[in-house]
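Here is a friendly briefing on a protein model. Please have a look at the sequence and the structure, then read on.

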Amino acid sequence: MFDRERRKPLGLFQWGWVSATAALMLAVLAYPLGAVPARVADRFAPLPPTLDGMAYMKTATVQDASSEVTPANPGGATLRAYADYLAIRWMLQNIDGTPVVLEASVPEYRWGSRVSKYTGLPAVLGWRWHQAQQRGPYAPQVDARLRDVQSMFNTTNSDAAQVLLSRYHVRYVYVGDLERAYYASAGIAKFGSAPTLFRPVYDVDGVIIYEFLPEAARQGRTQAVAPEGSMIQ
């Protein structure tokens, strides 16, 4: 048998290292417990526990201070999430299949792509940088789509818009606060001035959804039915 060596008690220096390491670990563990609620409170109004990922939209506003906001909003725009919430809920309940939606495509980490994200419907362009980064060789095509989205909203020529909308098989055009903040008002006005080409199917709280009716789709189309008070006849 061998005698076990007695372990020497920790000296002052070792105790200092142990204490410093323990303090560091506690700080690391404490940070997310304090930082996460503070970060959430900085961006979101208090909400009760919920599994509804859209619940915050009922009370939230989105401040878009991008320098790329149009001259009509040089200081940025305040966007009402609740208006989008109502429109998105209507789309989930009334639009069948997977028709393509035209919505604003804006710089990353902003309110863009909210319709396609919450409905699952395809859009002409989602998160531009994600697409360009993941599909490097096709980045020029991604940028071309971005320019086409801008053209479809900004042009005042309905015929020119129809060509692009048909190219991307767009069925619905979504116009809300975000689109009005980023695109020319004269261009957006064309959707309301050509009812035989753009039929409004939803108009509530500043959000208008137009059904695009190209020549080939004017016969035998299926109409979505809006809730009472929101369908435009």
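Asp148 lies in helix H5; helices are DSSP runs (H or I) of at least four residues, strands (E) of at least two, and both are numbered from the N terminus. This is a predicted model, in which local features need pLDDT of at least 70, side-chain atom pairs count only at pLDDT 80 or more, and totals for chains, interfaces and linings use all residues. Residues are numbered from 1 along each chain as its sequence is written, and side-chain values use heavy atoms, with hydrogens and water left out.

**Around Asp148**
- Asp148 has a relative accessible area of 13%, so it counts as buried (under 20%, with exposed over 50% and partly exposed in between; 1.4 Å probe, protein chains only).
- Leaving aside neighbours within four places in sequence, Asp148 is in contact (heavy atoms within 4.5 Å) with Leu164, Arg167 and Tyr168.

**The nonpolar cores**
- A nonpolar core is a set of buried Ala, Val, Leu, Ile, Met, Phe, Trp, Tyr and Cys residues joined through side-chain atoms within 4.5 Å.
- The largest one has 41 residues, and Leu102, Phe153, Leu165 and Val173 touch the most other members.
- Helix H5 (residues 139–154) gives the most to this core, with five residues.
- A second, separate core has 14 residues, including Ala83, Ala87, Val115 and Tyr174.
- Not counting residues up to four places away in sequence, Leu102 touches several residues, among them Val124, Val149 and Met152.

**Around Glu211**
- Glu211 sits in strand E6 (residues 207–212).
- Glu211 is buried, with a relative accessible area of 0%.
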